[in-house]
Amino acid sequence: MAGEKIILLGVNHKSTPVEVREKMALTAGYEEPLQRLREINGCKEYYILSTCNRVELLMGREEIGRFGWKAGQWTLKVQTSKAFRMDMGLSSKLMGPAWGDCTPVQTKCVEAPSGERAWKGGREISEDVIAKVTAHVVSLPVPQKRGNEAEGEQIFASIGCSACHTPSLPTPNDGDVGAYTDLLLHDMGDGLADGMVEASAIGSEWRTAPLMGLGRLLEKNMPLLHDGRARNVTEAILWHDGEGAGAALGFTNLNNAKRKTLLRFLETL
Ligand code: HEC
């Protein structure tokens with residue numbers, strides 16, 4: 001669920017004023033400056049690289065992942081670069097090289113011609129393209145709710161669906177968004193496990209799928225769950241096991257009328 005973010009801070013001896021450089025000059029011992037960094041920063045690890053003409057400060061910070069099936073990516077830029085690499089086989093500065101997920105022993109694949117060009121920053125997809133695609137994704141509108149099914153929403157909460165599919169999340173500008181996810185990982189049991197470890201997520205852990213926009217998926221008969229195994233909402237719910245087992249049981253215990261009301265509510269999302 002978490003990713004490592006590395007922050008590098010250095011000062012240029014040609015352009016940095018003497019007063020700033022004096023503050024970064026370490027004369028004796030690193031223990032005290034490292035201790036001060038730990039107190040103010042919230043970073044996990046620090047390295048100070050100090051030579052006669054250069055001081056660099058490297059900080060490793062754990063970031064919470066929010067993007068991807070297993071919440072393995074911590075920014076949209078990383079998610080976008082990873083999609084270019086893993087879904088389309090195109091390299092970028094962040095996720096290069098061009099041979100993507102071939103292993104070093106697959107020499108033919110590693111040596112195959114690629115579209116890496118110097119004018120694109122040495123990779124197939126330039127930083128500029130990554131920035132533009134990321135900005136486009138950020139600008140996409142949030143799917144709007146398509147109706148009101150208050151009783152169904154109440155059933156959704158009463159059988160425990162909203163414990164993970166949190167109806168609303170705060171946004172940075174003091175608003176909220178009806179995402180119906182907590183963006184957190186949950187162990188969904190062996191039936192849904194893919195055996196893949198990603199960042200700190202194990203095979204059976206998945207990020208709660210956002211249910212906003214679900215109505216449109218259903219309208220188009222789109223398959224559900226991470227591998228598209230569920231043909232409809234009922235199947236998707238019945239696959240919930242592990243931490244989701246209680247809610248799935250709550251669903252099977254509903255009478256026919258209540259089940260239909262719940263499904264009608266899910267179509268409004
Ligand atoms: C313990 C947390 C948890 C609870 C409780 C829970 N869910 Fe989920 N739900 C998830 C996770 C995680 C996924 C993604 C699983 C996957 O893709 O394999 C998911 C996926 C889904 C999906 C598929 C969405 C898609 O776009 O593919 C639907 C529909 C859904 N849940 C509905 C419900 C309903 C209805 C309830 C209550 C009966 C419920 N869930 C309770 C965690 C939970």
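1. A residue counts as buried if 20 or more other C-beta atoms lie within 10 Å of its own, as exposed if 12 or fewer do, and as partly exposed in between. This cut-off is applied below to a predicted model.

2. Gly178 has 16 C-beta neighbours inside 10 Å and therefore counts as partly exposed. Its place is the loop between strand 5 (176-177) and strand 6 (185-187).

3. Apart from neighbours within four places in sequence, the contacts of Gly178 are Lys145, Pro167, Ser168 and Met212. Pro143 is 35 residues from Gly178 in sequence, yet the C-alpha to C-alpha distance between Gly178 and Pro143 is 9.0 Å.

4. Helix 10 (residues 256-267) is made up of twelve residues. From first C-alpha to last, helix 10 spans 17 Å, close to the 16 Å expected at 1.5 Å a residue.

5. Leu262, Phe265 and Leu266 are buried in helix 10. They lie on the same side of helix 10, because the arc they cover around the axis is only 100 degrees. Asn256, Ala257 and Lys260, on the other side of helix 10, are exposed.

6. The cover over the buried residues of helix 10 includes helix 6 (150-158), helix 7 (214-219) and helix 8. Helix 8 (233-238) also contributes to the shell around the ligand: helix 8 and helix 9 (245-252) each supply at least two residues of that shell.

7. There are 24 residues around the ligand, and those that come nearest are Cys161, Cys164, Leu224, His226 and Glu243. By type, the residues of the shell are 15 nonpolar, eight polar and one charged.

Notes
Residues numbered from 1 in each chain as written. Predicted model: local features only at pLDDT ≥ 70, side-chain atom pairs only at ≥ 80, totals over all residues. Near = placed C-beta within 6 Å. Helix = DSSP H or I, 4+ residues; strand = E, 2+ residues; numbered from the N terminus. Nonpolar A, V, L, I, M, F, W, Y, C, P; charged D, E, K, R; others polar. Expected span 1.5 Å × (residues − 1). Arc of directions from axis to C-beta. Contact = placed C-beta atoms within 7 Å.
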